[in-house]
Amino acid sequence: MRKFLSKRILRGAILFVMASTVYLITEAISAQAWTDPEYSYSFHYISDLGVSKRLMIDGREVYSPLAGVMNTGFILYGMLSASSYMAVLPLIKDKAKWSVLSFALIQGVGNVLVGLFPGETYNYASMHLIGAAMAIIGGNCTLLLMGIYLKLEKQGYIVKATALLLGNFGLIMFVTFLLTNADHSALFERLSVYTMTAWNLIFGFWLIKGYRNK
């Protein structure tokens, strides 16, 4: 119990909340500034918000006036998210700590790559595409591992079930996104990413509540 309520875990909880807050704010600011053409959450990809050039990409007219804001958000999210998992490693069963950390770092590095290499092209050698795959697959696999190996037992079974549900849903949405060729396919991309955003907030606030009530 002392580990569960330690200041290290509290720092991790705050980092989880900060990661998603930074991401959601930078995404909202970037999307709000995109007015020509109007940005669509179901038609344009998340990565389109990081493209500062006026381009036509796969049939989408792309131009993000505040691309730097979104790319900064990607990078900060990757760093904060990876740091949050490092902080809460004491909550992971010993046999899985390195697996969780590895996937969390893959997610973090992937998000940094997404921010450093804007999505101006989606060919198979694109560092942006590689980073996006690392972020989405690594992040959702981290959720699955958290759902299985969190040492929360009775007091955290709902949290563990939530991690499993979100991780599975995120991977299913990612596969659906890859197999769907329609104007609304960006919606599936978003859903595969928002699972991680939601988890950070749910887990972070849950840990903070536990610390305050100790």
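This is a predicted model: local features need pLDDT of at least 70, side-chain atom pairs count only at pLDDT 80 or more; totals for chains, interfaces and linings use all residues.

Visitor: What does tyrosine 122 touch, not counting residues up to four places away in sequence?

Guide: Tyr45, Ser47, Asp48, Ile57, Asp58, Arg60, His128 and Leu129. Contact here means heavy atoms within 4.5 Å.

Visitor: Asp48 and Arg60 are both on that list. How do the side chains of aspartate 48 and arginine 60 meet?

Guide: In a salt bridge, at 2.8 Å from N to O. A salt bridge is a side-chain nitrogen of Lys or Arg within 4 Å of a carboxyl oxygen of Asp or Glu. The pair links distant parts of the chain, 12 residues apart: aspartate 48 is in the loop between H1 and E1, and arginine 60 is in strand E2 (residues 60-62).

Visitor: Are aspartate 48 and arginine 60 buried or exposed?

Guide: Buried: aspartate 48 is at 0% relative accessibility, and arginine 60 is at 3%.

Visitor: How many salt bridges does the structure hold?

Guide: The structure holds 5. One of them joins arginine 54 and aspartate 36, at 3.7 Å from N to O. Both residues lie in the loop between H1 and E1, so the pair ties together parts that are 18 residues apart in sequence. Arginine 54 is partly exposed at 45%, and aspartate 36 is partly exposed too, at 46%.

Visitor: Which residues are linked in a network of salt bridges?

Guide: Asp36, Arg54 and Glu61. Aspartate 36 has another feature: a cis peptide bond joins it to proline 37, with omega about 0 degrees. Proline 37 is found in the loop between H1 and E1.

Visitor: What about aspartate 94, which residue does it form a salt bridge with?

Guide: Lysine 97, with the closest N and O atoms 3.2 Å apart. Aspartate 94 is exposed at 58%, whereas lysine 97 is partly exposed at 22%.

Visitor: Switching topic. Which residues have the most contacts inside the largest nonpolar core?

Guide: Tyr85, Leu91, Met146, Leu150, Trp199 and Phe203, in a core of 50 residues. H1, helix H2 (67-87), H3, H4, helix H5 (157-179) and helix H6 (185-212) each give two or more residues to this core, and H6 gives the most, with 8. A nonpolar core is a set of buried Ala, Val, Leu, Ile, Met, Phe, Trp, Tyr and Cys residues joined through side-chain atoms within 4.5 Å.

Visitor: Is glutamine 107 buried or exposed?

Guide: Glutamine 107 is buried, at 2%. It is found in helix H3 (residues 97-116). Leaving aside neighbours within four places in sequence, glutamine 107 is in contact with Tyr77, Ser81, Tyr85, Met134, Ala135, Gly138, Gly139 and Met196.

Visitor: And valine 22, which helix is that in?

Guide: Helix H1 (residues 7-33).

Visitor: Last one: where is confidence lowest, and where is it highest?

Guide: Lowest in strand E1 (residues 55-57), at a mean of 83, and highest in H2, at 97. The protein averages a pLDDT of 91, and 93% of the residues score at least 70. pLDDT is the predictor's confidence in each residue, from 0 to 100.

How values were computed
Residues are numbered from 1 along each chain as its sequence is written. Side-chain values use heavy atoms; hydrogens and water are left out. Helices (H or I, at least four residues) and strands (E, at least two) are DSSP runs, numbered from the N terminus. Buried means under 20% relative accessible area, exposed over 50%, partly exposed in between (1.4 Å probe, protein chains only).
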